Amino acid sequence: TNAEAYAGRSFAFGLKGDYDRALDNIIEACRLDPENAGIVSLRAYYHFQKADFAHARQDFDAALRLDSRLASAHNGLAWLLATCPMETFRNGKQAVEEARMACRLSGWNQPSYVDTLAAACAEAGDFEQAIKYQKQLVRMNNVNGVSDVGAEQRLALYEQHKPYHTAMPRLETAASH
């Protein structure tokens with residue numbers, strides 16, 4: 001009967017790459033606590049992971065209706081809007097707004113949120129800003145001793161004036177709040 005326990009187990013399955021079991025557990029957590037924005041946001045992440053972009057979008061929107069200050073939900077929605085492999089779900093302008101909100105709410109201290117802002121700027125066609133934010137992410141990673149080949153690859157894309165599209169959201173994006 002404990003929604004947080006189901007959410008925790010869901011997160012553990014997600015870390016193992018077992019997205020079917022992760023989704024099953026987070027659905028039960030949402031059934032037990034449908035007003036928990038963090039849990040709804042995590043369900044969005046798993047829908048995204050399973051390429052169910054419509055349900056991911058619905059859940060990110062629902063999480064933000066429950067808690068408009070949930071940085072991880074703003075970031076998750078921005079990542080979906082900026083990087084979704086299906087063009088119909090992308091919206092660069094809205095992605096930038098959502099990513100900026102996530103960065104503001106987190107005090108600009110979450111590297112993954114800065115990464116999302118860079119991807120959003122690229123999707124919106126503002127490659128100068130995309131490069132600026134991606135370089136900021138690389139500096140943050142260097143300070144933290146993090147090696148992120150993907151960040152360097154995205155920077156190279158932005159320098160070629162190309163956006164980044166993927167079906168692979170980052171789990172820490174949805175879960176860190």
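Predicted model: local features only at pLDDT ≥ 70, side-chain atom pairs only at ≥ 80, totals over all residues.
**Exercise 1. How do helices α3 and α4 run relative to each other, and which residues meet?**

Start by finding the two elements: α3 covers residues 37-49 and α4 covers residues 53-66. Next, look at their axes, which come within 8 Å and cross at roughly 165 degrees. An angle over 145 degrees counts as roughly antiparallel, so α3 and α4 are roughly antiparallel to each other. The crossing of α3 past α4 is left-handed.

Now pick out the side of each helix that takes part. From α3 come A37, V40, S41, R43, A44, Y45, H47 and F48. They meet F53, H55, A56, D59, F60, A62, A63 and L66 of α4. Sorted by class, this contact holds 11 nonpolar, three polar and two charged residues.

**Exercise 2. Work out the arrangement of helices α6 and α7 and the make-up of their contact.**

Go through the steps as before. Helix α6 spans residues 92-105 and helix α7 spans residues 111-123. Their axes come within 8 Å and cross at roughly 160 degrees. With 145 degrees as the cut-off to exceed, α6 and α7 are therefore roughly antiparallel. Here α6 passes α7 in a left-handed crossing.

On the α6 side, the contact is made by G92, A95, V96, A99, R100, A102 and C103. On the α7 side you will find Y113, V114, T116, L117, A120, C121 and E123. By class, the contact has 10 nonpolar, two polar and two charged residues.

**Exercise 3. Which residues touch the most other members of the largest nonpolar core, and what surrounds L80?**

Begin with the core itself, which has 56 residues. Those touching the most other members are I26, I39, Y46, L80, L117 and Y158.

Then take L80, which sits in helix α5 (residues 71-83). Its relative accessibility is 0%, so L80 counts as buried. Setting aside neighbours within four places in sequence, L80 is in contact with F48, F53, A56, R57, F60, F89 and R90. For a sense of distance, compare sequence with space: L80 and Y46 are 34 residues apart in sequence and 12 Å apart from C-alpha to C-alpha.

Finish with I39, leaving out its own neighbours within four places in sequence. The contacts of I39 are A3, E4, A7, I26, A29 and C30.

**Exercise 4. Is N141 buried or exposed, and what does N141 touch?**

First place the residue: N141 belongs to helix α8 (residues 127-143). Then check its accessibility against the cut-off of under 20% for a buried residue. At 7%, N141 counts as buried. Last, list its contacts, not counting residues up to four places away in sequence: N141 touches P111, V146, D148 and A151.

**Exercise 5. Where do W108 and H161 lie, and how accessible is each?**

Take W108 to begin with. Although not a glycine, W108 has a positive phi of about 60 degrees. Its place is the loop between α6 and α7. A relative accessibility of 31% makes W108 partly exposed.

Now turn to H161, which is not a glycine and has a positive phi of about 60 degrees. The loop that holds H161 lies between α9 (149-159) and α10 (171-175). Since exposed means over 50%, H161 at 53% relative accessibility counts as exposed.

Methods: Residues numbered from 1 in each chain as written. Heavy atoms only, no water. Helix = DSSP H or I, 4+ residues; strand = E, 2+ residues; numbered from the N terminus. Buried < 20%, exposed > 50% of the residue type's maximum accessible area, 1.4 Å probe, protein only. Contact = heavy atoms within 4.5 Å. Axes fitted to C-alpha atoms, helices over the stretch in contact; angles between N-to-C directions. Parallel < 35°, antiparallel > 145°, perpendicular 65-115°, else oblique. Left-handed = near helix turned anticlockwise from the far one by under 90°. Nonpolar A, V, L, I, M, F, W, Y, C, P; charged D, E, K, R; others polar. Core = buried A, V, L, I, M, F, W, Y, C linked by side-chain atoms within 4.5 Å.
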